[in-house]
Amino acid sequence: MFETFIEAIHQAIILIWSGDPEVFSITLRSLYVSGLATLLSCLWGLPIALGLALSSFRGKKLIRGFFNAMLGVPTVALGLILYLLLSKSGPLGIFRLLYTPLGISIGQSLLITPIVVSFASSAIESVDVGVRDLARTLGASRFQTDLAVMHESTWGIILAIVASFSRAFAELGVAMMVGGNIRYVTRVLTTSIALETARGEIAFSIALTIILMIIVFSLTFIINFLRRT
Amino acid sequence: MSSHLHIEKIEKNYEDLKALNNLAFDAHQGQLISLVGANGSGKTTLLRIMAGLDFPNNGKIIFNGKELNIHDLRKIATLVFQKSIMFNTSVFKNVAFGLKVRGVDTKKIRDKVFDSLSSVSLQGFENKKANNLSGGDQQRVALARAFIIKPQILLLDEPTANLDPSNAIIVENTIKEILERKSCIIVMATHNLYQARRLSSFIAHLHYGRIIEFSKSEKFFAQPENKITQKFVSGELQF
């Protein structure tokens, strides 16, 4: 078993080193799909996070509770709901998003929106209350004060975005059910790993898993490095 | 024209607690008013109201004949906090903040920041991270950041409370220099009676949210009228 594993890793390294076109196209597609999902989730998630962190209004606790609860939503459940919504006979079928990279991106963006909202709003709220008073007493307007508070939480917001991207990049349920794992169209790293493992192509699976892990860990490493410097 | 500040019947309640009760005093440009009193006597609460950071429940703050609201106060007054709070950025950006939010030209900001830092003996500190400075240096940055915007009312909340004697002297000298320019009214909360004596034009003794003695610095120490103040000055007052 151990020898098989070592052999698989050896083959995986050769696959990556030789620049296998399919491995690279799957990797690029994964980056594109999850990158777009992260962008979309930031588009609506960050304003919601700002609203939750910087203002007080009725129902704030309810909204926060909703997003916290959604942090643990099973990706398969979300994938199934999206499949039903986007399928031809579904209410959103006219947009023809099922089995498209854009469909996966939208699905993943919904999956990671709670991460963006919860983590970013916590980061903004954790800024010392004194910073707000300081900005105000130096003559900042409400908007300028909010900007100063946001500036103080920049790294927390970046970490929220990175965590969201990593979640989207490594999820399987939405990509499989909304994307359909179509070769050269919607096949991404996680769906390929699942398929190739089922087919017994362990080396190919390990190659893709190594790439997946390298990208996720490198991103975290780079962010931590930049934060320190 | 010399500026005039009139504090009229300020009250602040926290549920059943009267933090400030019917507070009133006057101050003129170039004067430093010290607020002295025990912890919880209302010094910081009054400074926060004067800085436009808290609302009073009653009373007015009148400056040059005009009643000020919270937004007016934030434009003309600035508060230096007891625990110096720094923006998580360079010393330069910290000191420049007040000018930047006022839309001052970048070139002017640069010149003023350099002047301001040299007046607190922090030349060469522009690019250092403010949060990495010692407590004394941070308090000097806080002072530079406050007076660079030329406030008409400068509020100081125990500015030397957490400093060692050498840093306390530097901060005190900076306050003296600001006083000599006679450009603003300074209201300073302090526990240090010697410092109050050295710097103040007038001293207000706060006791449970009330001003029980308000007199010229010399008179405050030589002949205080209030019996509690007499004990406070002589060090006999126990809480």
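The contact draws 13 residues from chain A and 16 residues from chain B. This is a predicted model. On chain A, two helices each supply at least two residues of the side that touches chain B: helix 6 (129–137) and helix 7 (142–152). Helix 6 of chain A gives the largest share of that side, six residues. By class, the side of chain A that touches chain B holds five nonpolar, four polar and four charged residues.

Helix 1 of chain A covers residues 2–17, which makes 16 residues. At 1.5 Å a residue, helix 1 should span 22 Å; its end C-alpha atoms lie 22 Å apart, so expectation and model agree. Is this helix mostly buried or in the open? Of the 16 residues of helix 1 of chain A, one is buried, so the helix lies largely in the open. Just after helix 1 comes A:Gly19, with a positive phi of about 70 degrees.

The largest nonpolar core has 125 residues. Which of them touch the most other members? They are A:Val116, B:Met50, B:Ile153, B:Leu155 and B:Val187. Helix 5 of chain A, residues 101–125, gives the most to this core, with eleven residues. B:Ile153 shows what such a position looks like. Beyond its neighbours within four places in sequence, B:Ile153 contacts B:Leu5, B:Met50, B:Ile76, B:Ala77, B:Cys184, B:Ile185 and B:Val187.

Chain B also carries an open sheet. Its four strands run in the order 2-1-4-5, with antiparallel pairing. Strands of a sheet pair through backbone hydrogen bonds, either parallel or antiparallel. The edges are strand 2 (17–28) and strand 5 (66–67) of chain B, each pairing on one side only.

Follow the sheet across. Strand 1 of chain B, residues 4–14, is joined to strand 2 of chain B by eight bridges. Here B:His6 stands opposite B:Asp26 of strand 2. Strand 1 of chain B also pairs with strand 4 of chain B, residues 58–63, over five antiparallel bridges. B:Glu11 faces B:Asn58 of strand 4 as its opposite residue.

B:Ile62 has B:Glu67 of strand 5 as its bridge partner. Strands 4 and 5 of chain B form a hairpin with two residues between them. In the turn, B:Asn64 has a positive phi of about 50 degrees.

Terms used: Residues are numbered from 1 along each chain as its sequence is written. Chains are lettered from A and ligands numbered from 1 in the order in which they are written. This is a predicted model: local features need pLDDT of at least 70, side-chain atom pairs count only at pLDDT 80 or more; totals for chains, interfaces and linings use all residues. Two residues are in contact if their C-beta atoms, placed from the backbone, lie within 7 Å. Ala, Val, Leu, Ile, Met, Phe, Trp, Tyr, Cys and Pro count as nonpolar, Asp, Glu, Lys and Arg as charged, and the others, Gly among them, as polar. The expected span of a helix is 1.5 Å times one less than its number of residues. A residue is buried if 20 or more other C-beta atoms lie within 10 Å of its own, exposed if 12 or fewer, and partly exposed in between; C-beta atoms are placed from the backbone. A nonpolar core is a set of buried Ala, Val, Leu, Ile, Met, Phe, Trp, Tyr and Cys residues joined through C-beta atoms within 7 Å. Two strands pair if DSSP finds at least two bridges between them.
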